[in-house]
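Open the model in your viewer and keep the selection panel at hand.

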Amino acid sequence: MSESPAEHGPAAREVAEVAPSAGRLERAIGAQVRRLRQAAGMSLADLALRTGISKPMLSKIENAHTSCSLTTLATLAEYLDVPVTSLFRDADIPREAVFTEAGQGARIVARGTRIGHDYTLLGALRGPHKRMEAHLVTLTERSEEFPLFQHPGTELLYMIEGEMVYGHGDSSYTMRPGDALQLDGEGPHGPRELVELPIRFLSVVAYGELHE
């Protein structure tokens with residue numbers, strides 16, 4: 001059965017406005033049904049024909065305008081070829097995002113700030129425990145002594161501009177634009193030599209699950 005043009009392209013990613021009273025469960029089920037239906041290449045009319053659920057009802061389900069009975073959920077899962085439990089995916093997990101406009105990140109005053117070592121916080125996902133933190137680090141002046149860092153979790157460094165030698169434990173790495181270094185944050189690390197200024201790199205620390 002052919003699909004209407006609205007079933008493809010950007011229009012396929014659009015969703016109707018969700019009713020204010022719709023709960024998280026209804027939104028999660030609706031999103032999953034829509035995603036699975038489109039992944040299977042079915043239109044609403046196709047799914048209605050296969051399941052015996054009316055097209056208007058399917059539209060209400062996908063747009064979180066109604067609550068599904070267990071029978072309806074079982075029918076949808078059967079014809080979408082997934083376990084019923086997969087329709088509840090993300091129902092109880094709030095999704096967090098942090099957006100920082102260029103130049104608007106908080107400036108972190110740390111050792112070395114006065115001699116041209118600048119740390120700009122781009123955002124952090126914290127939840128019950130701090131999980132991830134991202135900084136844009138800019139180094140504009142050489143110094144005889146560099147700060148060392150040590151922290152739980154894993155850190156990713158991505159070089160944007162300049163050249164530096166970065167140390168981790170007993171190892172040294174020469175980093176140029178496009179180079180990336182992943183390291184265990186428990187090992188002492190930091191710049192050892194600033195070869196070509198200015199230097200800019202992205203530092204992303206993933207803390208994982210921290211427990212008190």
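The tour begins with the ground rules and then moves through the chain.

This is a predicted model: local features need pLDDT of at least 70, side-chain atom pairs count only at pLDDT 80 or more, and totals for chains, interfaces and linings use all residues. Numbering starts from 1 along each chain as its sequence is written, and side-chain values use heavy atoms, without hydrogens or water.

**Whole chain.** Switch to cartoon. You will find 4 helices and 7 strands. These are DSSP runs numbered from the N terminus: helices are H or I with at least four residues, strands are E with at least two. Trace the sequence and the pattern reads α-α-α-α-β-β-β-β-β-β-β.

**Surface.** The chain exposes about 12900 Å², and carbon and sulfur atoms supply 53% of that. Areas follow the Shrake-Rupley method with a 1.4 Å probe; for residues, only the protein chains shown count as cover. Of 212 residues, 39% count as buried, meaning under 20% relative accessible area.

**Largest core.** Select Val33, Leu47, Leu58, Leu76, Leu80, Val82 and Leu87. They have the most contacts inside the largest nonpolar core, which has 16 residues. Such a core is a set of buried Ala, Val, Leu, Ile, Met, Phe, Trp, Tyr and Cys residues joined through side-chain atoms within 4.5 Å. Now colour H1 (24-39), H2 (44-51), H3 (55-62) and H4 (70-80): each helix supplies at least two residues of this core. H4 gives the most, with 4 residues.

**Val82.** Return to Val82. Beyond its neighbours within four places in sequence, Val82 is in contact (heavy atoms within 4.5 Å) with Leu36, Ala77 and Leu87.

Methods. Buried means under 20% relative accessible area, exposed over 50%, partly exposed in between (1.4 Å probe, protein chains only).
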